[in-house]
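Follow along with the viewer open if you like.

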Amino acid sequence: MAVQTPQRGPKKPPKTPSNSESIVSELMMPHQVNNLGHVFGGELLSMVDRAAAVAAMRHAGCNTVTVSIDRVDFREPIYTGELVTCIARVNFVGRTSMEIGVRVEAENLLTGAKRHTNTCFLTFVAIDPKHRPCGVPGLDVSDPEDERRFREGRRRREVREALDRELAPSPR
Ligand SMILES: CC(C)(COP(=O)(O)OP(=O)(O)OC[C@H]1O[C@@H](n2cnc3c(N)ncnc32)[C@H](O)[C@@H]1OP(=O)(O)O)[C@@H](O)C(=O)NCCC(=O)NCCS
């Protein structure tokens, strides 16, 4: 299923999530860990943001900005000497925004054992040369897994918008 989104500016052909997938790896060093030897959450968030930005720019074909980072759960620690890999894919697209899902894995390079330590969801907005939001290509989710991620991304957006409406201060 190719999801055509209402667009601002010239129409762009749809892309699949695989077209824009981004993979970023980095070996964790002593300056990136706390006094327990666990990698700082902020180090991971920085890597996640950069991997997601690449997927967003590949999909949009223009500059993008991070507008929101959804819930981030640190499920287990990552230690010095482990290789951290962030795999970022576009899950859902709106008119100018894209939800990017990032899977974080830690690998013990001596044993080859890999652990899935985090998953994060970020929203990026495509930006035109005048720094205004601009239309992004539709997302071709003909693959059933991509379609499932698309539905979940759309649901997260609906829930976020409903919560924003519920918590908005009422006019006096
Ligand atoms: C991103 C930015 C241009 C959006 O401006 P805006 O006036 O909110 O634009 P709009 O209201 O037209 O919203 C644009 C899109 O962003 C989405 N959006 C806006 N705020 C959002 C939020 N908090 N969470 C998720 N999506 C959001 C809107 O739903 C809309 O999506 P759609 O076009 O797919 O329907 C503006 O918020 C900005 O410049 N933020 C700073 C970005 C930044 O500096 N990031 C850190 C460094 S990259």
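**Entry 1: the sheet**

What is the order of the five strands in the open sheet? I read E2-E4-E5-E6-E3, with antiparallel pairing. Before going on, I noted that this is a predicted model, where local features need pLDDT of at least 70, side-chain atom pairs count only at pLDDT 80 or more, and totals for chains, interfaces and linings use all residues. Residues are numbered from 1 along each chain as its sequence is written.

My terms here: helices (H or I, at least four residues) and strands (E, at least two) are DSSP runs, numbered from the N terminus. Two strands pair if DSSP finds at least two bridges between them.

The edges are strand E2 (22-27) and E3, each of which pairs on one side only. On average, neighbouring strands of this sheet are turned by 25° against each other, direction ignored. I take axes as lines fitted to C-alpha atoms, for helices over the stretch in contact, with angles from 0 to 180 degrees between N-to-C directions.

Helix H3 (residues 144-167) packs on this sheet and touches E3, strand E4 (82-93), E5 and E6. The direction of H3 makes about 80° with that of E4. Touching, or contact, is set by C-beta atoms, placed from the backbone, within 7 Å.

**Entry 2: the whole chain**

I stepped back to count elements and found three helices and seven strands in the protein chain. From the N terminus on, they run β-α-β-α-β-β-β-β-β-α. The C-alpha atoms fill a box of roughly 50 × 45 × 35 Å, taken along the principal axes. Among contacts between residues at least 6 apart in sequence, 74% join residues at least 24 apart.

**Entry 3: strand pairs**

I then went along E6 and its partners. Strand E5 (residues 97-108) pairs with E6 in the antiparallel sense over 11 bridges. Within that pair, Val102 has Cys120 as its bridge partner in E6, and Ile100 has Leu122. E5 and E6 form a hairpin with five residues between them, and Gly112 in the turn has a positive phi of about 80°.

On to E3: seven bridges join this strand to E6, and the two run antiparallel. Asn63 stands opposite Ile127 in E6.

**Entry 4: the core**

How much of the chain is buried? I get 32% of the 172 residues. The cut-offs: buried is 20 or more other C-beta atoms within 10 Å of the residue's own, exposed is 12 or fewer, and partly exposed lies in between, with C-beta atoms placed from the backbone.

The largest nonpolar core has 34 residues, of which Val48, Ala52, Ile100 and Val102 touch the most other members. Such a core is a set of buried Ala, Val, Leu, Ile, Met, Phe, Trp, Tyr and Cys residues joined through C-beta atoms within 7 Å. Helix H2 (41-60), E4, E5 and E6 each give two or more residues to this core, and H2 gives the most, with nine.

I checked two members of the neighbourhood, not counting residues up to four places away in sequence. Val48 touches Cys86, Val102, Val104 and Cys120. Cys120 touches Val48, Ile69, Val72 and Val102. Cys120 counts as buried because it has 23 C-beta neighbours inside 10 Å. The C-alpha atoms of Cys120 and Asp70 are separated by 6.9 Å, although the two are 50 residues apart along the chain.

**Entry 5: around the ligand**

Which residues are around the ligand? My list is Val65, Thr66, Val67, Ser68, Gly94, Arg95, Thr96, Ser97, Thr123, Val125 and Pro133. Strand E3 (63-72) and strand E6 (114-127) are the elements that give two or more residues to this shell. E3 gives the most, with four residues.

By class, I see four nonpolar, six polar and one charged residues. Ala, Val, Leu, Ile, Met, Phe, Trp, Tyr, Cys and Pro count as nonpolar, Asp, Glu, Lys and Arg as charged, and the others, Gly among them, as polar.

**Entry 6: two loop residues**

His131 is in the loop between E6 and strand E7 (139-140). Phi of His131 is near 65°, a positive value in a residue other than glycine. Most residues other than glycine have a negative phi. Is His131 buried or exposed? It is exposed, because it has 9 C-beta neighbours inside 10 Å.

Met29 lies in the loop between E2 and H2. With 11 C-beta neighbours inside 10 Å, Met29 also counts as exposed.

How values were computed:
A residue is near a molecule or strand if its C-beta atom, placed from the backbone, lies within 6 Å of it.
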